[in-house]
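Okay, thanks for coming, everyone. Let me put the structure up, and then I'll walk you through some of the packing.

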Amino acid sequence: MKYVDEFRDPEKAKVLIAKINALYEQIPQIAIRPLQLMEFCGGHTHTIFRYGIEPMLPDWIELIHGPGCPVCVLPMGRVDDCVALAERPDVIFTTFGDAMRVPGSKKSLLQAKAEGADIRMVYSPLDSLELARKNPDRQVIFFALGFETTMPSTALTVLQAKNEGLDNFSLFCNHITTVPTIKAILDSPDMKIDGFLAPGHVSMVVGEQPFHFVSDAYDKPIVITGFEPLDILQSIWMVLKQIAENRCEVENQYARIVPPAGNEPGLKAIEKVFEIREFFEWRGLGSIDHSGVKMRNEFARFDAEQKFSIPNLKIADPKSCQCGEVLKGVIRPWECKVFGGSCTPETPMGALMVSTEGACAAYYNFGNLPELLSKRDQQNKENTA
Amino acid sequence: MSTSSRVRRTLSSEIITLAHGSGGKAMRDLIDDVFVSVFDNDYLSPLEDQARFDLSALSAYGDRLAFTTDSYVVDPLFFPGGDIGKLAVTGTVNDLAVGGAKPLYLTCSMIIEEGLAVSELRRVVHSMKIAADEAGVVIVTGDTKVVQRGAADKLFINTAGVGVIASGINMSTNSAQPGDAVIINGYVGDHGAAIVDARGEMALENSIESDCQTLNELIDAMLKICPQARCIRDATRGGVATVLNEFAEASSVAITINETSVPVRHEVRGMCEILGLDPLYLANEGKLLAIIPGDRADEVLKGMLQHPAGQHSAIIGYVSEQPAGRVILQTGFGGNRIIDMLVGEQLPRIC
């Protein structure tokens with residue numbers, strides 16, 4: 001298939017793997033421990049597992065799968081708020097399909113729907129707007145979530161609703177931001193990450209500039225990366241090459257999509273509708289300063305949080321869940337105590353088991369489960385001995 | 001009682017109402033005019049509460065009876081390549097055929113939402129008749145219920161089927177052995193993709209048709225070539241991935257699939273790329289997976305390729321010992337990954 005197969009060519013992959021292997025001699029720190037590279041974005045994690053990239057890499061490269069799956073990192077309290085909104089009799093609650101299964105403290109949206117709440121899956125915020133036009137006697141709420149990638153489309157939908165004077169449309173805003181989260185990971189004391197693959201579609205909106213702090217203030221190489229398997233391999237090679245040459249820069253591997261300055265009209269729409277929250281709660285990572293956005297006051301009538309009362313309770317993550325350590329690369333997904341036991345994709349406990357883009361779900365679905373679990377038990381035995 | 005001894009009633013109503021399920025005259029009109037006149041056979045026409053078969057005639061076909069049932073709730077009722085009626089026949093016929101049975105008799109039980117256009121019901125029944133004739137089965141008994149608006153969605157159909165398994169044919173999911181080959185009879189994912197398309201929610205334009213077809217003749221041909229076939233399943237909901245996992249688990253073997261040898265149409269691949277679906281998990285309604293002893297695989301494949309339902313057949317993988325119970329995909333990119341069972345529902349009401 002044109003424009004797809006070119007980016008999945010196994011012969012080109014072999015060439016890139018050989019180039020990656022050739023850098024081994026030039027990176028002396030490999031002798032001490034494997035290099036840890038973090039792909040921040042859940043889309044990258046998905047590609048890595050779907051194409052079986054991890055086993056193709058040499059064992060001196062360890063991929064750390066970051067928190068860039070907005071569905072995964074949604075805290076339970078926010079899911080409870082969604083359920084409370086959706087269960088109002090006057091409300092049609094609209095959401096992207098992958099948020100349906102995220103567990104709240106009592107139930108998921110899928111369960112609430114089965115119990116009678118009017119919850120509808122949409123493919124675009126504009127579908128919600130259309131529902132609002134068609135149902136003037138109902139309140140239509142769009143569950144807005146995602147990083148900067150999806151912010152412009154939500155912002156433009158709100159502006160459209162305002163233009164049309166649609167008073168029965170509102171957003172439950174759970175948009176989150178990339179930069180403060182990468183910073184929180186970099187500031188964590190047990191962090192050992194040597195380089196980053198930056199999220200390609202976030203960068204398409206925000207451009208290259210916001211990532212400069214990673215290379216400038218934290219001395220870590222970072223490469224903006226596309227979502228095809230060859231994109232991933234090429235970016236890994238680019239990060240390693242920076243390490244080998246003692247460089248720390250922001251490089252753009254995904255230049256076919258990402259303009260250096262980002263998407264100006266998109267950024268303007270975001271700026272117009274949203275402002276930074278003081279802090280936002282993340283499942284697995286806790287509260288991170290400035291890591292989310294809310295709607296500006298002039299759009300209050302489109303803000304479900306202001307328009308309706310929501311429980312707004314903070315629900316702690318289950319204690320046995322080690323998502324935070326996995327996210328920072330301190331342990332591997334299968335090393336978590338509950339992985340594959342009480343935490344599975346059918347009954348997820350932790351954030352990373354929730355969506356197919358989560359690292360634990362990826363290991364569970366695409367990995368060799370019996371082998372991983374016996375490896376964990378072996379390690380535990382050695383640790384206690 | 002012979003078919004001709006009773007005057008058939010006619011139905012004049014244009015939509016189905018609760019009266020058509022009441023047991024009275026309106027219901028007789030419906031049954032006579034829409035069902036009996038179309039299905040038209042001596043088992044059904046007497047309108048007894050049950051169809052009656054001659055046991056000695058059945059036993060001439062083999063030494064075991066096969067019995068199955070399936071319900072059909074597909075939305076929309078009509079889609080490119082088929083409709084709920086065709087599906088209700090092909091699905092149940094295939095469930096018999098994959099066990100090595102010769103399908104013979106089907107039941108037809110309908111739950112109709114009031115307000116359904118009689119013309120739509122006639123179309124569905126007509127499709128059932130054509131599909132039944134093609135498969136060589138007879139629809140011998142049925143039931144009709146009408147429920148009020150909202151209690152069902154337009155039309156649900158249940159069909160049960162009876163068939164006979166010839167002596168010497170012993171297929172089961174737990175009999176795959178290392179060295180066996182995995183064969184599929186054509187393109188995967190067509191039905192799932194056609195339904196997504198027919199719902200129109202994605203506003204995609206393409207020409208994908210459901211693969212909805214009966215497989216009994218193809219399976220018959222395969223078993224003639226190789227009566228020692230280990231197991232055959234039709235890959236419906238959950239797709240190819242789910243059936244392979246069932247084989248691997250039941251037989252305690254590993255199954256390795258080569259991604260590039262799995263036939264997928266360009267249009268289906270394109271749709272999957274856009275929507276983030278995996279063709280291996282998409283539903284099929286006319287695809288079978290067969291585990292065949294390795295030394296017979298080429299011969300079976302050759303036979304399948306000559307059959308209309310097997311024109312695009314391919315050997316897509318093989319069975320080995322380890323890791324037992326797992327399905328491994330060799331990706332076209334050169335990596336490996338595990339293919340697990342589907343978690344949750346990829347697409348609701350697909351069949």
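I'll start with a helix pair: helix 6 of chain B and helix 9 of chain B cross in a right-handed way. Axes here are lines fitted to C-alpha atoms, for helices over the stretch in contact, and angles run from 0 to 180 degrees between N-to-C directions. Helices and strands are DSSP runs, H or I of at least four residues for helices and E of at least two for strands, numbered from the N terminus.

Who meets whom? On the helix 6 side of chain B we have Leu218(B), Ala221(B), Met222(B) and Ile225(B), and they meet Glu299(B), Val300(B), Gly303(B) and Met304(B) in helix 9 of chain B. A contact means C-beta atoms, placed from the backbone, within 7 Å.

Quick housekeeping. This is a predicted model, where local features need pLDDT of at least 70, side-chain atom pairs count only at pLDDT 80 or more, and totals for chains, interfaces and linings use all residues. Residues are numbered from 1 along each chain as its sequence is written, and chains are lettered from A and ligands numbered from 1 in the order in which they are written.

Staying with chain B: its secondary structure comes to nine helices and 13 strands. The radius of gyration of chain B is 21 Å, close to the 20 Å from the globule rule for 351 residues, so chain B is as compact as a globular protein of that length. That radius is taken over C-alpha atoms, and the rule is 2.2 Å times the number of residues to the power 0.38. The C-alpha trace of chain B spans about 65 × 55 × 30 Å along its principal axes. Of the 351 residues in chain B, 48% are buried. Buried means 20 or more other C-beta atoms within 10 Å of the residue's own, exposed means 12 or fewer, and partly exposed is in between, again with C-beta atoms placed from the backbone. Take contacts in chain B between residues at least 6 apart in sequence: 85% of those join residues at least 24 apart.

Is Ser12(B) buried or exposed? Ser12(B) counts as exposed, because there are 8 C-beta neighbours inside 10 Å. Its C-alpha atom is 9.0 Å from that of Leu30(B), 18 residues apart along the chain.

Now across to the partner. At the interface, 19 residues of chain B contact 23 residues of chain A. On the chain B side, helix 8 (266-275) and strand 13 (336-339) each supply at least two residues, and helix 8 of chain B gives the largest share, four residues.

Chain A, then. The count there is 15 helices and 13 strands. A compact globule of 385 residues would have a radius of gyration near 21 Å, and chain A, at 21 Å, agrees. Buried residues are 49% of the 385 in chain A.

The sheet I like is an open one of four strands in chain A, order 4-3-5-6, with parallel pairing. Pairing takes at least two DSSP bridges between two strands. Its edges are strand 4 (119-121) and strand 6 (169-175) of chain A, each pairing on one side only. On average, neighbouring strands of this sheet are turned by 25 degrees against each other, direction ignored. Strand 3 (residues 91-95) of chain A runs parallel to strand 4 of chain A, joined by three bridges, and Thr94(A) stands opposite Arg120(A) in strand 4 of chain A.

What lies across strand 3, strand 4, strand 5 and strand 6 of chain A? That's helix 5 (residues 125-134) of chain A, running at about 175 degrees to strand 5 (139-146) of chain A. Helix 6 (residues 151-164) of chain A also packs on the sheet, touching strand 5 and strand 6 of chain A, at about 160 degrees to strand 6 of chain A.

Last stop: six of the seven residues of strand 1 (residues 35-41) of chain A are buried, so that strand is largely enclosed by the rest of the structure. Strand 1 of chain A runs parallel to strand 2 (residues 61-68) of chain A, with six bridges joining them. Leu37(A) stands opposite Leu63(A) in strand 2 of chain A.

How values were computed: Contact = placed C-beta atoms within 7 Å. Left-handed = near helix turned anticlockwise from the far one by under 90°.
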